[in-house]
Amino acid sequence: MSVASGLDFSPAYGVAEPIASGVRRLTARNGGPLTFRGTNCYLLGDREITVIDPGPDDDAHVEDLLQVAGAPIRRIVLSHDHADHAGAVRRLSQLTGAEVIGAAPDATRPLYRPDRVLSHGDRVETEAGLLGAIATPGHTAGHLCYDLAERELLFSGDHVMAWSTSVVVPPDGSMADYMASLDRIATVGPRTYLPGHGGPVIDGPARVSELKRHRQAREAAILRALDSKGRTVGEIVAAVYIGLDPALAGAAALSVKAHIDWLEERGLVGRDEDRLSRR
Ligand SMILES: [Zn+2]
C-alpha cells in the first residue's frame with residue numbers, strides 16, 4: 001500500500017505517541033470499518049493536559065488515557081458528539097473534574113453536557129498554545145476543527161482524514177455544508193492535519209482538493225443516472241455503485257440521498273413523489 005493512501009497507519013495502542021512538542025496521540029482500541037485503526041485522542045501539554053476527543057466509553061481505553069496523561073487532565077475539547085469520539089466524556093470528566101468544551105451535542109443524543117460551547121473563531125487556552133475553533137459542519141451539524149497555530153497543526157476530527165472520505169448522512173450531516181467546510185478549512189493556516197482516525201494528513205489543502213473532486217465525480221455519476229422518466233434513490237444507487245456489496249447498500253443509499261438533497265437545494269434535480277429527475 002502506498003504512503004499516499006493513508007492506509008499504512010499502525011498505532012501503538014496503550015502508548016501516547018509524540019507528534020510535536022507538547023502534542024501526543026493515543027489511539028483507542030476501537031478499530032473497525034468506520035473507525036479504521038481506532039479513534040485518535042490528542043493530548044496537549046505536559047504539566048496540565050488538554051484532551052481533544054477522549055474517545056469511546058470503554059474501561060481499558062479510559063484507563064490508558066489516565067495512565068499516559070502523566071499530569072492532571074484539565075480540559076476535554078470535542079470535535080463532535082459521535083460516541084467513538086465523545087463516549088468517554090462523562091466518565092473522564094467525572095474522574096478528573098476536567099472542563100468540557102467544544103461542539104454542542106445534538107439534542108437527539110446528548111452524550112455530554114458542555115461547560116462551554118464554542119463557535120467559529122472562539123479560542124481555548126492550552127499549555128501547547130491557543131486552540132482556535134473552526135466551524136466545519138457536514139459530517140455532523142456541529143462539527144468543529146481546531147487550529148494550533150503555534151505548532152502549525154490543525155485537528156481535523158472526522159472532517160478531513162487521509163484514509164477515507166467523511167460519512168455525510170442527512171439530516172444531521174449535509175453535503176452542502178460539507179463542501180463549504182472543505183473550502184473553509186483549506187484557507188486556514190496550518191497544512192498538517194491531525195485527524196480523528198488514521199495518520200496525519202501531510203498536505204491538508206491537497207487532500208481537500210482530492211476530497212472535493214471525489215464528491216464532484218460522485219455527483220456527476222448521479223446526474224448521469226437520472227433520466228427524464230425519473231428514478232428512485234434505489235435505482236440511482238444500483239446505477240452508480242455497480243457490483244456493490246449488499247451489506248453496504250444502506251450506507252450507499254444514505255450517501256446518494258445526501259447528494260440528492262444538495263442537488264435539489266440548487267434546483268438541479270426535482271422530484272415527483274419518490275421519482276427524481278434532472279431539471
Ligand atoms: Zn464522527
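Student: How many residues of domain 1 are in contact with domain 2, and what makes a pair count as a contact?
Tutor: Six residues of domain 1 touch eight residues of domain 2; contact means heavy atoms within 4.5 Å. This is a predicted model, in which local features need pLDDT of at least 70 and side-chain atom pairs count only at pLDDT 80 or more, while totals for chains, interfaces and linings use all residues. Residues are numbered from 1 along each chain as its sequence is written, and side-chain values use heavy atoms, with hydrogens and water left out.

Student: How do you know where the domains lie?
Tutor: The domain assignment gives domain 1 as 6-204 and domain 2 as 226-278; such bounds come from an automatic or database assignment. Taken over C-alpha atoms, the domain centres are 32 Å apart.

Student: What makes up the area buried between domain 1 and domain 2?
Tutor: Buried area is the accessible area (1.4 Å probe) that two parts lose on being put together, summed over both. Here that comes to about 570 Å², with carbon and sulfur atoms giving 80%. On the domain 1 side, Pro170, Met175 and Ala176 lose the most area to domain 2, together 70% of what that side buries.

Student: Why is the pair Asp203 and Arg191 called a salt bridge?
Tutor: The term asks for a side-chain nitrogen of Lys or Arg within 4 Å of a carboxyl oxygen of Asp or Glu. The closest N and O atoms of Asp203 and Arg191 are 3.1 Å apart, so the pair qualifies. Asp203 sits in the loop between E12 and helix H5 (204-225), and Arg191 in the loop between H4 and E12, 12 residues apart. The structure holds 15 salt bridges.

Student: What makes E8 and E12 edge strands?
Tutor: Strands E8 (123-126) and E12 (192-195) each pair on one side only. They belong to an open sheet of five strands, ordered E8-E9-E10-E11-E12 with mixed pairing. Strands (E, at least two residues) and helices (H or I, at least four) are DSSP runs, numbered from the N terminus.

Student: Why are E11 and E12 said to pair?
Tutor: Pairing requires that DSSP finds at least two bridges between the strands. Strand E11 (residues 153-157) and E12 have four bridges, in the parallel sense, so they pair. Leu154 stands opposite Tyr193 in E12. Helix H4 (residues 175-186) packs on this sheet, touching E9 (129-135), E10 (144-148), E11 and E12, and its direction makes about 150° with that of E9. Axes are lines fitted to C-alpha atoms, for helices over the stretch in contact, and angles run from 0 to 180 degrees between N-to-C directions.

Student: What makes the bond between Pro170 and Pro171, and the phi of Asp53, worth a look?
Tutor: Most residues other than glycine have a negative phi, and most peptide bonds are trans. Pro170 and Pro171 are joined by a cis peptide bond, with omega about 5°. Asp53 has a positive phi of about 55° although it is not a glycine, and lies in the loop between strand E4 (49-52) and helix H1 (59-69).
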